[in-house]
Amino acid sequence: MASTTLICDTEPWKDLKAHVEDIKTTHLRDLMSDKERCQLMMVEFDGMFLDYSRQQATLDTMDKLYKLAEAASLKQKVNRMYSGDHINSTENRSVLHVALRAPRDAVIYSDGKNVVPDVWKVLDKIKDFSEKVRSGSWVGATGKPLNDVIAIGIGGSFLGPLFVHTALQTDPEAAELAKGRQLRFLANVDPIDVARNIAGLNPETTLVVVVSKTFTTAETMLNARTLREWISSALGPSAVAKHMVAVSTNLPLVEKFGIDPNNAFAFWDWVGGRYSVCSAVGVLPLSLQYGFPIVEKFLKGASSIDQHFNSAPFEKNIPVLLGLLSVWNVSFLGYPARAILPYSQALEKFAPHIQQVSMESNGKGVSIDGVPLPYEAGEIDFGEPGTNGQHSFYQLIHQGRVIPCDFIGIVKSQQPVYLKGEVVSNHDELMSNFFAQPDALAYGKTAEQLLKENVAQHLIPHKTFSGNRPSLSLLLPSLTAYNIGQLLASYEHRIAVEGFVWGINSFDQWGVELGKSLATQVRKQLNASRTKGEPVEGFNFSTTTLLTRYLEASSDILADLPTLLPWI
């Protein structure tokens, strides 16, 4: 039984609270002038380079954070996760996404069973199936190769695979292997998303992957039934077995839907949705697009960080450092948000994915023992690739609210461009901003500096930058499948570190349930009003008014319409 003592009652927490006053009297201009401090705030592992010297922290701060980690039993909690203990106590489950990318000969137990052979059994099945589809030996109902894939899933079944797919699209090796193929993701139950996904596609050459662990997720299954209708109306009901496969554990419902259970790819209760990109959820569609060998490199990159996280001391452990600094910024310095700023357009879907992983994991108000938290936990995550973000929200970051920033840079571009006569290459131009922005945030610009530049007196308040705004820089050597795996695992484990220190359960998500259950009531009302003309009842005045207005304004839609599919 876990201790009900909250981390805020420990001496290291109280020590850090008192230490905040010392930090408030220092400025990053001064901290950055200490070369030894800066040097000790740089860490390298497997080609990844982390510089956190622009955090509002001293070496003393870091020592105090390591003591906080010890008080939170961080290492023991990590060990329990890797040992398959049921650390997701509210759902009584292990948390073993590390097993999804473990080497074939690794041993990782859950409930007394080594799960790694099961993982590789599914991976081998994906490899075999994806090779058949890509080679043309598995064809559609009319004998045509299946070059187009639509993956249906929502939340973690969508955001993670989409991030990896978007990052791989411009990798030269991956792009070459994807020639002539398309991969699309259908997530939203909005029919517009269906229309966009099937636009320009031929059912004869399309394979649909339905991702739902229970095969009952409302949005996913409605979209699956819609695409089943799209296929069967064009090719006949028997074509479904050739054009639809599943990632699910509910084989009876898979078969009832019309999909051959042999074409269902399993994953397990110890895989949370937002941590599932390394399972069949992501590996199947990505292997169909790029081939299994590329995806295996991605898994190896993630596995490298898994081993680093489990073995490196705190002061050299990239996920631990990232997590402790987040706790420092949120719970002690009072900065609730974090901007994720990759200086690579290929990482444009990284921030939306981490937004879910972080906010669904750590958006909690009670401890793992159900005690209300008397301190702030969880981060508000958002982001945009540089330099686009600079022309969007950086104004607020520089002169408005203080928002700690993660700058992510790539040494070698996936798609280098050189123009004769230009001062620098396109990638160097991008990276000039990557290096400049953290210093602009840290140092700012004083009124005295502006006076020396003969800036008009009335403009000085508007052109002054306070500086002292924290950031960290993460530099990757390139953006291959391997590096993408490293980046993903670093952030997954960072988020776990935050939760372990805060003493919350980062692996359940009860907060998503209430809205879904209320939607069931609304769904019944819409059906009753449209088919039987029943008035809106059982809701508050506001919802009743909105529902009534919606029904009246759409009263020209007949209750018993024939099947209608979108068309663009």
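Predicted model: local features only at pLDDT ≥ 70, side-chain atom pairs only at ≥ 80, totals over all residues.
A cavity, in the sense used here, is a set of grid points where a 1.4 Å probe fits but cannot get out, and its volume is the space filled by probe spheres set on those points.

By class, the lining of the largest cavity divides into six nonpolar, three polar and four charged residues.

The second largest cavity, with a volume of about 30 Å³, has a lining of another composition, in that seven of its residues are nonpolar, one is polar and none is charged. The residues that line this cavity are Leu100, Val119, Val122, Leu123, Trp268, Cys278, Ser279 and Ala280, and helix H6 (residues 116-135) contributes the largest share of them, three residues.

Turning to the helices, H22 (residues 513-532) runs for 20 residues and spans 29 Å from its first C-alpha to its last, which is close to the 28 Å expected at 1.5 Å a residue. Which residues of H22 are buried? Gln525, Ala528 and Ser529 are buried in this helix, and because they cover an arc of only 100° around the axis, they lie on the same side of H22. Helix H23 (541-553) is included in what covers the buried residues of H22. Just after H22, glycine 533 adopts a positive phi of about 70°.

A last stop is aspartate 190, which sits in the loop between strand S6 (182-186) and helix H9 (191-198). Its relative accessibility is 31%, and aspartate 190 therefore counts as partly exposed, since that class covers values between the under 20% of a buried residue and the over 50% of an exposed one. Taken from C-alpha to C-alpha, aspartate 190 and tryptophan 270 are 30 Å apart in space, while 80 residues separate them in sequence.

Notes. Residues numbered from 1 in each chain as written. Heavy atoms only, no water. Nonpolar A, V, L, I, M, F, W, Y, C, P; charged D, E, K, R; others polar. 1 Å grid on protein atoms, 1.4 Å probe; cavity = no way out; pocket = protein on both sides within 12 Å on 5 of 7 lines; lining within 4 Å. Helix = DSSP H or I, 4+ residues; strand = E, 2+ residues; numbered from the N terminus. Expected span 1.5 Å × (residues − 1). Buried < 20%, exposed > 50% of the residue type's maximum accessible area, 1.4 Å probe, protein only. Arc of directions from axis to C-beta. Contact = heavy atoms within 4.5 Å.
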